[in-house]
Amino acid sequence: MSLFRPEATAEIARWSEALVGAGVLALGLYWSFFTGGGLLHWIGYGVAAIGAAFVFSGVRRARFGVAGDGLGVVQVTEREISYFTPDGGGAVSVDNLMRVSIEVLGPEQVRWIFVSDEGSLAIPYDATGTEALFDVLSALPGAQFETAIQVLGGSETHSSVIWRRETVR
């Protein structure tokens, strides 16, 4: 028997990176402003900067809010995105990606579309392991995180491009 409800535990786990970052930020600010100078004062500025980076990254990751209980399993290994289902699956290389988009088909039907010169791969938003896709998007220069968050929050049917290679129009 758990002390906390499973929903509360899941929500805390989702925001854990931002919460740890807030703690590190608070420690750095305390060292910077309340220790009275010296070496610890200057170290506090660096610790505060690291904490702020964790808060920023953690909030962005938590706003993606992946459930992870849908059909299939996603793995990202050595810059290759693999998606496995009982019916098959597929894989695309991150280095060969041309476009990444999110397609909303209905209130509970959202999927990622990865298009590369090798082909395309459609991954349900709630597939197990899709939290690794956040790290893939973080590595793509110019990925539109705010667009992705807005699309995921809506329910109308549409498709939005999150990232496109510069050479592709």
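Arg79 lies in the loop between β1 and β2. In this predicted model, Arg79 has a positive phi of about 60° although it is not a glycine.

**The loop between β1 and β2**

- Arg79 counts as partly exposed, because its relative accessible area is 41%, a value between the limits of 20% and 50%.
- Glu78 is also found in the loop between β1 (70-77) and β2 (80-85).
- The phi of Glu78 is near 45°, again a positive value in a residue other than glycine.
- Glu78 is exposed, because its relative accessible area of 81% is over 50%.

**The four-stranded sheet**

- An open sheet is formed by 4 strands in the order β6-β5-β4-β8, and the pairing is antiparallel.
- The edge strands are β6 (119-124) and β8 (158-164), each of which pairs on one side only.
- On average, neighbouring strands of this sheet are turned by 20° against each other, direction ignored.
- Between β4 and β5 (residues 109-116), the antiparallel pairing extends over 8 bridges.
- Gly106 stands opposite Gln109 in β5.

**Two residues of strand β4**

- Ser101 has its place in strand β4, which covers residues 97-106.
- Ser101 is buried, because its relative accessible area of 5% is under 20%.
- Leaving aside neighbours within four places in sequence, Ser101 is in contact with Arg111, Trp112, Ile113, Ser159, Ser160, Val161 and Ile162.
- Glu103 is also placed in strand β4.
- A polar contact of 2.5 Å joins the side chain of Glu103 to the side chain of Arg111.
- When residues up to four places away in sequence are not counted, Glu103 touches Gln109, Val110, Arg111, Ile113, His158 and Ser159.

**Helix α4**

- Helix α4 lies across β4, β5, β6 and β8, and runs at about 45° to β5.
- The buried residues of α4 (residues 131-139) are Leu133, Phe134, Val136 and Leu137.
- Seen down the axis of α4, these buried residues fall within an arc of 160°, so they line one face of the helix.
- In general, an α-helix has 3.6 residues a turn, so residues three or four places apart point the same way.

**The chain overall**

- The secondary structure of the protein chain comes to 5 helices and 8 strands.
- From the N terminus on, the elements run α-α-α-β-β-β-β-β-β-β-α-α-β.
- The radius of gyration of the protein chain is 19 Å, whereas a compact globule of 169 residues would have a value near 15 Å.
- The C-alpha trace spans about 60 × 50 × 30 Å along its principal axes.
- Of the 169 residues of the protein chain, 32% count as buried.
- Among contacts between residues at least 6 apart in sequence, 54% join residues at least 24 apart.

Methods:
Residues numbered from 1 in each chain as written. Predicted model: local features only at pLDDT ≥ 70, side-chain atom pairs only at ≥ 80, totals over all residues. Heavy atoms only, no water. Buried < 20%, exposed > 50% of the residue type's maximum accessible area, 1.4 Å probe, protein only. Contact = heavy atoms within 4.5 Å. Arc of directions from axis to C-beta. Pairing = 2+ DSSP bridges. Axes fitted to C-alpha atoms, helices over the stretch in contact; angles between N-to-C directions. Polar contact = N/O pair within 3.5 Å; in protein donor to acceptor, adjacent residues only side chain to side chain. Rg over C-alpha atoms; globule rule 2.2 N^0.38 Å.
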